[in-house]
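Here's a quick walk through one model, from its strands to its overall build. Have a look at the sequence and the structure before reading on.

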Amino acid sequence: VPPSAPASSFSIDPATGELTTAKLLDREVKPLHTIPVTATDQSADSRRSSTVIVTVHVTDVNDHVPAFPERQLAGSVWENTLVENFLTVFASDKDEGENGRVVYSIVDPGDPGTAFSLDPHSGVLSLVQPLDREVQEVHTIKIQASNPVPYFNSNWTDNQIAVTLNVLDRNDEPPVFPEPEVSI
C-alpha cells in the first residue's frame, strides 16, 4: 500500500499480503475506499512488480438514531371535527437500508389518550375522535422515532418529539343566562 494512498485506514502484512483495517471505518463518512496494492518480488537481478486496485465497500451498521429536526412541534385543529392527516412528524436517520428505516409511535398520548392515531411508517397524525375546546384547550402528545433494527450501541435511546395541539373554538355553545328568571 503506497504511503500516498488512503492507507491510513488500512495496513498490509508484507509477508502474507493480508489487508486489514488500521482504524474503524464509518460508512456515513466514506462508504467506499479504493486502495492501490503493489506486490514486488525479491529478486536480486531484476525486480518485478504488479499493482492491483482493491475496492472496499463499507457495510452499514445501525450506528445512528433517528433525529427530529426540532424537539417540539405545534399545530391547531378545530374542535368537534374529525381530521385525518392533519400533521406529519418527520425524523431522519443517517444509516441506510433497514438500519435507516424510521418507525413512529405515540409514547405519551396525553389526555384523552384515544383521540389520536399515528401512522407508524409515514408519521401522519390523525384524530380518531373529535376534541372539545371547552373540555381541554391544549393537547400535548409525545411521539417517538425508532429503528426496527437493534442499535450498534445498546446505550442509545430512541428520539422523541413533543407535539402541542391547540384546539380552535367554534361557536357551538348557546348563550346561557345565569338566572333562569329575572325580575326588574
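Three strands make up an open sheet here, in the order β6-β9-β8, and their pairing is antiparallel. This is a predicted model, by the way. Which strands stand at the edges of that sheet? They are β6 (87-88) and β8 (116-118): each has a single partner strand, so one side of each is left without a neighbour in the sheet.

Zoom in on the β6 side. β6 and strand β9 (residues 124-127) run antiparallel and are joined by two bridges. If you want to find the spot on screen, look for L87, whose bridge partner in β9 is L125.

Now for the aromatic rings. How many aromatic pairs does the count come to? It comes to one. The partners are F68 and Y104, and the pair is tilted, with 6.4 Å centre to centre and 45° between the planes. That label follows from the angle, because planes under 30 degrees apart would count as stacked and over 60 as edge-to-face. As for location, F68 sits in the loop between β4 (49-57) and β5 (72-78), while Y104 belongs to strand β7 (residues 103-108), so the pair ties together parts that are 36 residues apart in sequence.

Are these two residues buried or exposed? F68 has 7% relative accessibility, so it counts as buried. Y104 has 5%, so it counts as buried too. The cut-off behind both calls is under 20% relative accessible area.

Stepping back to the protein chain as a whole, you'll find zero helices and 11 strands. Read along the sequence, that gives the pattern β-β-β-β-β-β-β-β-β-β-β.

What about the overall dimensions? Along its principal axes, the C-alpha trace of the protein chain spans about 125 × 25 × 25 Å. The radius of gyration is 30 Å, whereas a compact globule of 184 residues would have one near 16 Å.

On burial, 28% of the 184 residues in the protein chain are buried. The accessible surface of the protein chain is about 12000 Å², and carbon and sulfur atoms account for 52% of that. Finally, the contacts: taking those in the protein chain between residues at least 6 apart in sequence, 63% join residues at least 24 apart.

Definitions and conventions
Residues numbered from 1 in each chain as written. Predicted model: local features only at pLDDT ≥ 70, side-chain atom pairs only at ≥ 80, totals over all residues. Heavy atoms only, no water. Phe/Tyr/Trp six-rings, centres within 6.5 Å; stacked < 30°, edge-to-face > 60°. Helix = DSSP H or I, 4+ residues; strand = E, 2+ residues; numbered from the N terminus. Buried < 20%, exposed > 50% of the residue type's maximum accessible area, 1.4 Å probe, protein only. Pairing = 2+ DSSP bridges. Rg over C-alpha atoms; globule rule 2.2 N^0.38 Å. Contact = heavy atoms within 4.5 Å. Areas by Shrake-Rupley, 256 points an atom, 1.4 Å probe, with all protein chains shown as cover.
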